[in-house]
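Biologist: Could you take me through the pockets of this model, one at a time, and then the surroundings of the ligand? I would enjoy a close look.

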Amino acid sequence: MGEVIETTNLTKRYGSLTAVDRLSLSVHSGEVFALLGPNGAGKTTTIRMLTGLARPTAGQARVLGLDLRRDIVRIKKQVGVVPERSNLYDELSAWENLIFVAQLYGVPRRERAARADALLHRFRLEDKRDVPFARLSRGMRRALTVAAALIHRPRLLFLDEPTVGLDVVSAHGLRALIGRLREEGVTVFLTTHYLEEAGRLADRVALLVQGRIVALDTVNGLKARVRQGVMVEVRLSDGNGEELLRLQGTEIEAVLQAALARARAEGKQVVGVSTLQPTLEDAFIKLTGLSVEVMLAEKGGRW
Ligand code: ATP
């Protein structure tokens, strides 16, 4: 399994502000990697550096085996990028935008139309073929922007906050698409400030706070760091009403026995049992010291 992205102490400073601070990470071939962090953490700056839109102040990076400083033109040709704000043209139609981007990426002329049609089909935008970009819905604009980023069949796709501002259905569709791209072997590097999105989509997550990685692990690995034994929730009934009992311990059997003993002692019946797993939110709070509200604060994402 090769490394598709490797950064070593990658740093970006704007004057006295360090937007990205000695970032060191590797992204494995074929995985979905999420950079998760609150607003201003440095997520967009990281993507901009890795895609040649911002020059690193210090540090190194290799993308698809190529050196970021020396081979940026080749890197740009080989990766797909979906920026936070679309880079497509308002006045061009869906189809024209795809053809334009195909030209830009040097897709052979005879293949352009077929690829554009296939992508319109895949993204269910066939009937919007001739509609100007500006007149598509927000979800369609995002879908077309992703489609455009795939026209040259990149092995690596960067997605900056892919679902910000999308309704639930469009966001779900886009997440499903990311899952399918992964199955096709495309490596996906995405940024998000949605914990749930990172938890659902990503193989591995880097928590980024003020330009620094505070944790980097699989979703389960991050959760395991906050696991302290087991937590069992037991619903007790005395015939009139129910009561919820939460018990924690190291062994599930002992916890259940304690719950049963307590029920018996109080003359109640156990009517429901569930075990609680730590969530990515628990991990986030523990690892960053930040409140979840910091992450949930809706961004004014314009698209
Ligand atoms: P968001 O989720 O809000 O997009 P982010 O994690 O993507 O946040 P960045 O956009 O990378 O964060 O910004 C990181 C920091 O760098 C912020 O403090 C931001 O103000 C600063 N910054 C970003 N771009 C520039 C720039 N061109 N000039 C000066 N400061 C910048």
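Modeller: Happy to! A pocket here is an open set of grid points, over the protein atoms alone, with protein on both sides within 12 Å along at least five of seven lines. Keep in mind that this is a predicted model. With that in hand, the largest pocket has a volume of about 440 Å³. It is lined by 17 residues, of which Leu53, Val81, Asn87, Leu104 and Tyr105 are the closest to its centre. At least two lining residues come from each of β6 (79-82), α3 (94-104) and α5 (138-149). By class, this lining holds 12 nonpolar, three polar and two charged residues.

Next comes the second largest pocket, with about 380 Å³ of space. Among its 18 lining residues, Phe123, Arg124, Ala143, Ser170 and Gly173 are the closest to the centre. Both α5 and α6 (168-183) supply at least two residues of this lining, and α6 gives the largest share, seven residues. Here the classes are nine nonpolar, three polar and six charged.

Now for the ligand. Of the 14 residues around it, Gly40, Gly42, Lys43, Thr44 and Thr45 come nearest. Oxygen atoms of the ligand lie 2.7 Å from a polar backbone atom of Gly40 and 3.0 Å from one of Ala41, while an N or O atom in the side chain of Asn39 is 3.5 Å from a ligand oxygen. The protein covers 61% of the 630 Å² of accessible area that the ligand has on its own. Two or more shell residues come from each of β2 (17-28) and α1 (43-50), with α1 giving the largest share, three residues. The shell divides into five nonpolar, five polar and four charged residues.

Conventions. Residues are numbered from 1 along each chain as its sequence is written. This is a predicted model: local features need pLDDT of at least 70, side-chain atom pairs count only at pLDDT 80 or more; totals for chains, interfaces and linings use all residues. Side-chain values use heavy atoms; hydrogens and water are left out. On a 1 Å grid over the protein atoms alone, a cavity is a set of points where a 1.4 Å probe fits but cannot get out, and a pocket is an open set with protein on both sides within 12 Å along at least five of seven lines; lining residues have an atom within 4 Å of a point. Grid points are joined across faces, edges and corners, and a volume is the space filled by probe spheres set on the points. Helices (H or I, at least four residues) and strands (E, at least two) are DSSP runs, numbered from the N terminus. Ala, Val, Leu, Ile, Met, Phe, Trp, Tyr, Cys and Pro count as nonpolar, Asp, Glu, Lys and Arg as charged, and the others, Gly among them, as polar. A residue is near a molecule or strand if one of its heavy atoms lies within 4 Å of it. A polar contact is a pair of N or O atoms within 3.5 Å; within protein, one must be able to donate a hydrogen and the other to accept it, and residues adjacent in sequence count only if both atoms are side-chain atoms. Accessible areas come from the Shrake-Rupley method with a 1.4 Å probe; for residues, only the protein chains shown count as cover.
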